[in-house]
Amino acid sequence: TLTTATPATQPEQTTAPAKPKQPRQLVRFTFYKLDPQWQLLPAKTRQQGRQELLGIFAEYEQHSLVRSYALYGLRSDCDFMLWQATYAVDDLQGISSKIRRSAMGPYLREAQAFLSMTKRSVYVGKNARGVHDPRLVITPQDKKYLFVYPFVKTRAWYALPLEERKRMMNEHIRVGITYPSVSLNTTYSFGLDDQEFVVAFETDNISDFLDLVQELRESEASRYTLRDTPMFTCVAQPLDAILEAIGA
């Protein structure tokens, strides 16, 4: 009689549940130019339009991050910028739609806009601090100046081994740390917009930022920069003060 051996019972293998990924934020820098024709409208019409725009801004501010910056007198192609961070595309489209449909909307042109997303850097650790803080949540330090520009690396950069890129980025980090008054927000645009990154430097000292950028131009990694323009110098200012200053 043939008997079949019963295989030994194997202990059940349990897999630890994967930790949920921390959600990333969508980030948009929107630069606006006010049509001078707006100033030819009656004062009452302009006052009502301004209050409507401020109401839209205040409503959005209740549930998402938004900051306003002045560029009038600094650039000819835009008057102010809104820095937004949210977890939903609908939020970005919602405020844009309300502004377009407002009384001032036909007179406000989006001169430039950059869309990006937060993401941890591959060049620094998760607990890093300082100039290259790999934050997933935008937390403005509300300093006086914000310098914003799109950034694109050459394809040759991505062909380099990761360790080689890390070595060069370590030089960048060392330079940045020597300018503690300047903090950096780096967000990523791969596949989302025309650039690969959007960088936003915060500082209270313009000259420190100028010196930092000049020194970074001499770094080895700078050879692999394809494009880093246009550059915008933005001054933190309440939206109502900006609108008053530009005659809105």
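1. Val124 counts as buried, at 17% relative accessibility; buried means under 20% relative accessible area, exposed over 50% and partly exposed in between, with a 1.4 Å probe and protein chains only. Val124 is found in the loop between strand 4 and strand 5. Its C-alpha lies 8.6 Å from that of Asn170, and 46 residues separate Val124 and Asn170 in sequence.

2. A word on what you're looking at. This is a predicted model, where local features need pLDDT of at least 70 and side-chain atom pairs count only at pLDDT 80 or more, while totals for chains, interfaces and linings use all residues. Residues are numbered from 1 along each chain as its sequence is written, and side-chain values use heavy atoms, with hydrogens and water left out.

3. Now the overall picture. The protein has 6 helices and 9 strands; these are DSSP runs (H or I, at least four residues, for helices; E, at least two, for strands), numbered from the N terminus. Of its 248 residues, 43% count as buried. Take the contacts (heavy atoms within 4.5 Å) between residues at least 6 apart in sequence: 78% of them join residues at least 24 apart. The accessible surface comes to about 14,100 Å², and carbon and sulfur atoms hold 52% of that; the areas come from the Shrake-Rupley method with a 1.4 Å probe, and for residues only the protein chains shown count as cover.

4. Asp142 sits in that loop too, between strand 4 (108-117) and strand 5 (145-153). Have a look at its backbone: phi is positive, about 55°, although Asp142 is not a glycine. Asp142 is partly exposed, with a relative accessible area of 47%.

5. Helix 1 (residues 43-61) packs with helix 2 (residues 89-101) at an angle of about 170°, their axes 10 Å apart. That makes helix 1 roughly antiparallel to helix 2. Axes here are lines fitted to C-alpha atoms, for helices over the stretch in contact, and angles run from 0 to 180 degrees between N-to-C directions. Angles under 35 degrees count as roughly parallel, over 145 as roughly antiparallel, 65 to 115 as roughly perpendicular and the rest as oblique.

6. Which residues of helix 1 and helix 2 meet? Leu53, Ile56, Glu59 and Tyr60 come from helix 1, and Asp91, Leu92, Ile95, Lys98 and Ile99 from helix 2. By class, this contact has 6 nonpolar, no polar and 3 charged residues. Ala, Val, Leu, Ile, Met, Phe, Trp, Tyr, Cys and Pro count as nonpolar, Asp, Glu, Lys and Arg as charged, and the others, Gly among them, as polar.

7. Helix 4 (residues 162-177) and helix 5 (residues 206-217) pack at about 155°, with axes 10 Å apart. That makes helix 4 roughly antiparallel to helix 5, and helix 4 passes helix 5 in a right-handed crossing. His172, Val175 and Gly176 in helix 4 meet Leu212, Glu215 and Leu216 in helix 5. The residues of this contact divide into 3 nonpolar, 2 polar and 1 charged.

8. His172 of helix 4 is buried, with a relative accessible area of 17%. The C-alpha atoms of His172 and Arg217 are 9.9 Å apart, with the two residues 45 apart along the chain.

9. Last, check the peptide bond between Thr229 and Pro230: it is cis, with omega about 5°. Pro230 lies in the loop between strand 8 (225-227) and strand 9 (232-236).

Terms used:
A crossing is left-handed if the near helix is turned anticlockwise from the far one by less than a right angle, and right-handed if clockwise.
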